[in-house]
Amino acid sequence: TLSESSVKTYKSAYKNTTKIQKMCFRDIKLNAIQSVVDAVESQSMARMTKFLFQKLYTYALENDIVEKDYSQFIKLEKKKETKEKSPFSPAEIQVMWDKVGYVEYADLIVILLYTGMRIGELLDMKKEDTHLEERYMVGGSKTEAGKNRVIPLHEKIIPLIEKRMESKSEYLFTNTLGKKLTYALFMSKYWGMILAHLEPGHTPHDTRHTF
């Protein structure tokens, strides 16, 4: 019954549990799961990891795997200081434009800069949800309020999107095999190359702060 975005989030939370994944569930005690949650740097992901444990313990109680729910005792640390925002400068935006057509997926960054979309939203964007004549996309997935959100398109990026619409894939952005471009592949193989010669430390979320 979960949405696709919720499934992805729970899978991400599960990756935080590496050190206890081989333990028998009934042998896991509070100190073990608390240490897992404490090790998560992101406050939002720590909260989601706690939610994951709550789901697991609900299932375990219903199926007589455990007799006690330790997840109810998990404590979340106070919110850590957020990373200083680092918007792209006008000069850096121009560098991104200069790279379009020469550096693979530089157009993806430019589209993020001119729409304020999250990178996951753009990677999930299908051509059927892209309306060039009316200059908008329909996207959004992180929150219920953000779903089916109309995203206006600046006239400058219309040619970039038109080019992406020429592929045979249902998605705007694809890998070399014509499949949907994943965040993991983009970040590991292309992000650093696209941002070469720019101020170090930029993250994809900085495009939202720029917008």
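The lining of the second largest pocket comprises seven nonpolar, three polar and five charged residues (Ala, Val, Leu, Ile, Met, Phe, Trp, Tyr, Cys and Pro count as nonpolar, Asp, Glu, Lys and Arg as charged, and the others, Gly among them, as polar). The model is predicted, so that local features need pLDDT of at least 70 and side-chain atom pairs count only at pLDDT 80 or more, whereas totals for chains, interfaces and linings use all residues. Residues are numbered from 1 along each chain as its sequence is written, and side-chain values use heavy atoms, with hydrogens and water left out.

The pocket (on a 1 Å grid over the protein atoms alone, an open set of points where a 1.4 Å probe fits, with protein on both sides within 12 Å along at least five of seven lines; lining residues have an atom within 4 Å of a point) holds about 200 Å³ of space. Of its 15 lining residues, Gly101, Asp107, Leu160, Lys163 and Arg164 lie nearest the centre. At least two lining residues are supplied by each of α5 (106-115) and α7 (158-164), and the largest share, four residues, comes from α7.

The protein chain contains nine helices and three strands (DSSP runs, numbered from the N terminus: H or I of at least four residues for helices, E of at least two for strands). Along the sequence these elements follow the pattern α-α-α-α-α-α-β-β-β-α-α-α. The C-alpha atoms occupy a box of roughly 60 × 35 × 30 Å, taken along the principal axes.

Helix α5, which contributes to the pocket lining, also packs against α4 (residues 90-99) at an angle of about 140°, with the axes 8 Å apart (axes are lines fitted to C-alpha atoms, for helices over the stretch in contact, and angles run from 0 to 180 degrees between N-to-C directions). The two helices, α4 and α5, are therefore oblique to each other (angles under 35 degrees count as roughly parallel, over 145 as roughly antiparallel, 65 to 115 as roughly perpendicular and the rest as oblique). Ile93, Met96, Trp97 and Lys99 of α4 meet Ala106, Ile109, Val110, Leu113 and Tyr114 of α5 (contact means heavy atoms within 4.5 Å). Eight of these residues are nonpolar, none is polar and one is charged.

A further packing partner of α5 is α8 (residues 183-194), at an angle of about 80° and an axis separation of 10 Å; α5 and α8 are therefore roughly perpendicular. Ala106, Leu108 and Ile109 of α5 and Phe186, Trp191 and Ile194 of α8 make this contact, with six nonpolar, no polar and no charged residues.

Elsewhere, the axes of α2 (residues 30-38) and α3 (residues 43-62) come within 9 Å and cross at roughly 150°, and α2 and α3 are therefore roughly antiparallel. Ile33, Val36 and Val37 of α2 contact Ala46, Thr49, Lys50, Phe53 and Tyr57 of α3. Six nonpolar residues, one polar and one charged form the contact between α2 and α3.

Terms used: Grid points are joined across faces, edges and corners, and a volume is the space filled by probe spheres set on the points.
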